[in-house]
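Subject: Model for your files

Hello,

Here is the structure we discussed. Please look it over; my notes on helix packing and aromatic rings follow below.

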Amino acid sequence: MKPEEKRAASAIEEVTGIGHTSAQAIVSVIGTDMRRFPTDTHISSWAGLCPGDNESAGKRKSGKTRKGNALLRSTLVTCAHATTRNKNSYFYAQFMRISAHCGKKCAYVAVAHSMLTAIYHILKDGVVSRIWELITTISSTRSAKSGIGNLILSLLFQDVSAF
């Protein structure tokens, strides 16, 4: 592996549930250059982990995820199985919330989607995994009137080199 791929793999390993071998497999599939994916939704769609939400007239139609990169998808779903064993993580809370109304298989895919989104921002923006979990926790629990959540998010995304 190249040095930048080793750094990327070690950064990805900070995400709960991703081990050394899984991190290397993820980096080998998506690479380290995230410029080819403009947003995190693009990489989720490419991987086949974007959520399906097809509803019309109050009837839920098929919400199957489409085919994507088989190695990346299976690796992330396996990592989602591992991360839900840790009871003190954001991904476990997300799994419990979604599996209550959607089922375990759907919840594992949703956790894998969240993990891929975190990996994308780690590789593109250099965000540390623990900060990413804090951001997702704040953004999912704050209300629209909460000024403290917006303040924390703005402080986290300030350019450190400006100081």
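The model holds three aromatic pairs, where rings of Phe, Tyr and Trp (its six-membered ring) pair if their centres lie within 6.5 Å, and planes under 30 degrees apart count as stacked, over 60 as edge-to-face and the rest as tilted. One of them joins F37 and W46: the centres are 5.5 Å apart and the planes stand at 50 degrees, so this pair is tilted. F37 has 6% relative accessibility and is therefore buried, while W46, at 31%, is partly exposed (buried means under 20% relative accessible area, exposed over 50%, partly exposed in between, with a 1.4 Å probe and protein chains only). Y90 and F91 make an edge-to-face pair, with 5.9 Å centre to centre and 65 degrees between the planes. Both Y90 and F91 are buried.

This is a predicted model, in which local features need pLDDT of at least 70, side-chain atom pairs count only at pLDDT 80 or more, and totals for chains, interfaces and linings use all residues. Residues are numbered from 1 along each chain as its sequence is written, and side-chain values use heavy atoms, without hydrogens and water.

Helix α3 covers residues 40-47, and its buried residues are I43, S44 and A47 (helices are DSSP runs of H or I, at least four residues, numbered from the N terminus). Down the axis of α3 these residues fall within an arc of 100 degrees, so they line one face of the helix (the arc is that of the directions from the helix axis to the C-beta atoms). After α3 comes G48, with a positive phi near 80 degrees.

Regards

Methods:
Helices (H or I, at least four residues) and strands (E, at least two) are DSSP runs, numbered from the N terminus.
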